[in-house]
Amino acid sequence: MEDLEIDTVIIKKVLPYVILGCVQVMFASHAHGGERRFTYVYEATTSPKGHWELEHWATWKTAKETNRDYDRFDFRYEIEYGVTDNFQLGIYLSDWRYEENRPKGKNRGDWRDFAIEGILSLRNPTTDPLGIALYGEVKIGDELFELEGKVIVQKNMGPFVAAYNVTLEAEWEGPDYSEDNGKFEQALGVSYQFSPRFLAGIELVHEIAMPDWRGMRGKAVVYLGPNFSYRAPSWWATLTPLFQVSDVEDEPDFQMRLMVGFELKG
Amino acid sequence: MLRRILEIYTKSTMRNRKKIQFVAVLWIGLMLAGCMSIEQMAPPVGPQFYNIAIKRDTTMALLESGREVYLVDCSRCHSVEPIQRYSMNKWHEIIPRMAQKSKLSIAKSAALRAYIVAVSDLSDIPADLN
């Protein structure tokens, strides 16, 4: 019964995403995009030099064991630019969050931060034994400062692509940025290109929160799920629903991310 | 992480285990079926291209450059496909569209076209597969 309730809630919550995606597509004129196969896993290739792209992200997290009414939506808007053929810069213009069931007196939606990221591609995943890239991001918000670094590894084997990321995040927040936390994450994605338009695969995410940097004592939460990517001449979209396969009660049982991208004529 | 996944599998019902096994076998099968080497998908520029280069009034260096474009620039956005998958008429549609999308320079576009034409000569790809 509980699973059926979750399915019903998921359908009700997914419909606005689908409508939002369709509206974005309708207004995607004069564009064709650079595609991403995964939503939680980064790839080791970068945009070509001079390429501009706009990406919309929406992430929904829901249903904790400790709070079945938990619903949180995070939205990001990113502009990416290929500075060189091997270096890409991204600016997250605005990250904001909507959370239902917040305590009375608190706004449900709020602006979170803006961020800048850079990806440097060192090795090509097709021609070299392994594709390698380095990722760095700086995030600044209201009483929030975050640094994130990733090592991205990828291998292309015909229609198959496998990518692996290892991430370390350092976060300072609160008054005087006194709350000092860390997070370790690894993520794996495998995708198969069924046709020039349609790809599908799986993604796996493993996170360990480190409050006050107390080593790996934080709970390890693991998510696993399929991913689907569609490429049209003027846009692309990738969707990943993830299910928690670990037993961490105060982490969401389900999360889903939709990314939609458009090339901007530069 | 792997231990956790193995734990989930061993604690699953027989019905769920069969589902997991089916998906795993399907993925492995697709992976093996999809595993063409780069050399098969985009043949290296070797002695077999020499006569074609003369016939097409091009150079081995340009063909090598074209192969590099095909493997590096094209694979940024999508998987590399065997050149023999498409007819030459289809390639004449694909190349300009993809060159614009990936912002290839005129020189790179020309090298790419020369390489694909050379591979089509080598592989005897017809103008139209239909």
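Which residues line the second largest cavity? They are A:T126, A:N156, A:G158, B:I38, B:M41 and B:V80.

The model is predicted, with local features needing pLDDT of at least 70, side-chain atom pairs counting only at pLDDT 80 or more, and totals for chains, interfaces and linings using all residues. Residues are numbered from 1 along each chain as its sequence is written, chains are lettered from A and ligands numbered from 1 in the order in which they are written, and side-chain values use heavy atoms, leaving out hydrogens and water.

**Cavities**

Searching the whole structure gives two cavities of 30 Å³ or more. A cavity is a set of points, on a 1 Å grid over the protein atoms alone, where a 1.4 Å probe fits but cannot get out, and its lining residues have an atom within 4 Å of a point. Grid points are joined across faces, edges and corners, and a volume is the space filled by probe spheres set on the points.

| Cavity | Volume | Lining by class |
|---|---|---|
| Largest | about 230 Å³ | four nonpolar, six polar, seven charged |

**Interface**

With contact taken as heavy atoms within 4.5 Å, 36 residues of chain A touch 26 residues of chain B. Three salt bridges (a side-chain nitrogen of Lys or Arg within 4 Å of a carboxyl oxygen of Asp or Glu) cross this interface. A salt bridge joins the side chains of A:D85 and B:K108, at 3.7 Å from N to O.

Conventions
1 Å grid on protein atoms, 1.4 Å probe; cavity = no way out; pocket = protein on both sides within 12 Å on 5 of 7 lines; lining within 4 Å. Nonpolar A, V, L, I, M, F, W, Y, C, P; charged D, E, K, R; others polar.
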